[in-house]
Amino acid sequence: MAIKKLTLMSILTAVALIIFMVEAQIPIPIPVPGVKLGLANAVILFALFFERKETDIKLTKVDAFAILLCRILLGALFTGRLVAFAYSLTGGLLAFTVQVVLKRFVTKKQIWVCGAAGAVFHNIGQIAAAVIITGTPSIALYLPMLIIAGIVTGVVTGLIAQLTLERI
């Protein structure tokens with residue numbers, strides 16, 4: 001792996017982890033468990049769509065996936081929320097899969113669509129993990145509220161990634 005690419009991946013992992021850690025300290029004034037901004041996901045979207053022709057640096061979906069996994073694992077270790085690891089991993093894998101599929105159909109002006117879809121599927125994955133882990137199907141009653149919140153926050157994270165890519 002080229003040094004420039006590895007350096008970029010390390011920086012993106014660090015940025016995603018810092019954003020995740022800061023966001024974990026901010027209380028969200030919504031009385032629904034699991035609602036958060038998910039701003040670290042903007043970094044994953046950035047990595048998924050990043051191409052730099054003049055420097056020959058192109059991150060692949062495997063590279064973006066590695067950044068995602070490192071952020072999830074390190075985030076769980078650093079926050080001490082190891083139980084939340086299963087929720088983040090399930091949601092992250094589902095969201096990433098949907099975003100990789102959508103990448104084939106969207107332009108660089110529509111990355112916000114991937115952000116919204118990813119956030120919705122992240123919430124679906126987290127709820128599925130919670131139902132399986134706790135054995136409490138009624139947790140799924142939170143899903144409609146989480147989907148609405150996911151659309152809003154996903155559009156924001158998608159626009160952050162999109163605008164950052166446009167300006168770099």
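The accessible surface of the chain comes to about 9100 Å². Carbon and sulfur atoms account for 74% of this surface. Accessible areas come from the Shrake-Rupley method with a 1.4 Å probe, and for residues only the protein chains shown count as cover. The model is predicted: local features need pLDDT of at least 70, side-chain atom pairs count only at pLDDT 80 or more, and totals for chains, interfaces and linings use all residues. Residues are numbered from 1 along each chain as its sequence is written, and side-chain values use heavy atoms, with hydrogens and water left out.

The chain holds 6 helices and 2 strands. Helices (H or I, at least four residues) and strands (E, at least two) are DSSP runs, numbered from the N terminus. Their order from the N terminus is α-α-β-β-α-α-α-α. Along the principal axes, the C-alpha atoms fill a box of roughly 50 × 30 × 25 Å.

Buried residues make up 40% of the 168 residues. Buried means under 20% relative accessible area, exposed over 50%, and partly exposed in between (1.4 Å probe, protein chains only). Contact means heavy atoms within 4.5 Å. Among contacts between residues at least 6 apart in sequence, 71% join residues at least 24 apart.

The largest nonpolar core has 27 residues. Such a core is a set of buried Ala, Val, Leu, Ile, Met, Phe, Trp, Tyr and Cys residues joined through side-chain atoms within 4.5 Å. Leu12, Phe49, Phe50, Leu59 and Phe96 have the most contacts inside this core. At least two core residues come from each of helices H1 (3-24), H2 (40-49), H3 (61-79), H4 (83-103), H5 (111-134) and H6 (143-167). H2 gives the largest share, 8 residues. Beyond its neighbours within four places in sequence, Phe49 touches Lys103, Val106, Lys108, Ile111, Cys114 and Leu165. A second, separate core of 8 residues includes Tyr87, Ile127, Ile139 and Leu146.

Helix H3 contains Ala64. Ala64 counts as buried because its relative accessibility is 0%. With neighbours within four places in sequence set aside, Ala64 is in contact with Ile44, Ala47, Leu48 and Phe96. Leu73 is also placed in helix H3. Its relative accessibility is 43%, so Leu73 counts as partly exposed. Leu73, Leu77, Phe78 and Leu82 make a nonpolar surface patch of about 420 Å². Patches are made of residues with over 30% relative accessible area and no salt bridge; like charges are joined within 9 Å, nonpolar side chains (Val, Leu, Ile, Met, Phe, Trp, Tyr) within 5 Å.

The structure holds 3 salt bridges. A salt bridge is a side-chain nitrogen of Lys or Arg within 4 Å of a carboxyl oxygen of Asp or Glu. Asp63 and Lys5 form one, at 2.8 Å from N to O. This pair links helix H3 to helix H1, 58 residues apart. Asp63 is buried at 6% relative accessibility. Lys5 is buried at 19%.

Lys109, Glu166 and Arg167 are linked in a network of salt bridges. The closest N and O atoms of Glu166 and Lys109 are 3.5 Å apart. Those of Glu166 and Arg167 are 3.7 Å apart. Glu166 is partly exposed at 37%, Lys109 is exposed at 57%, and Arg167 is exposed at 63%.
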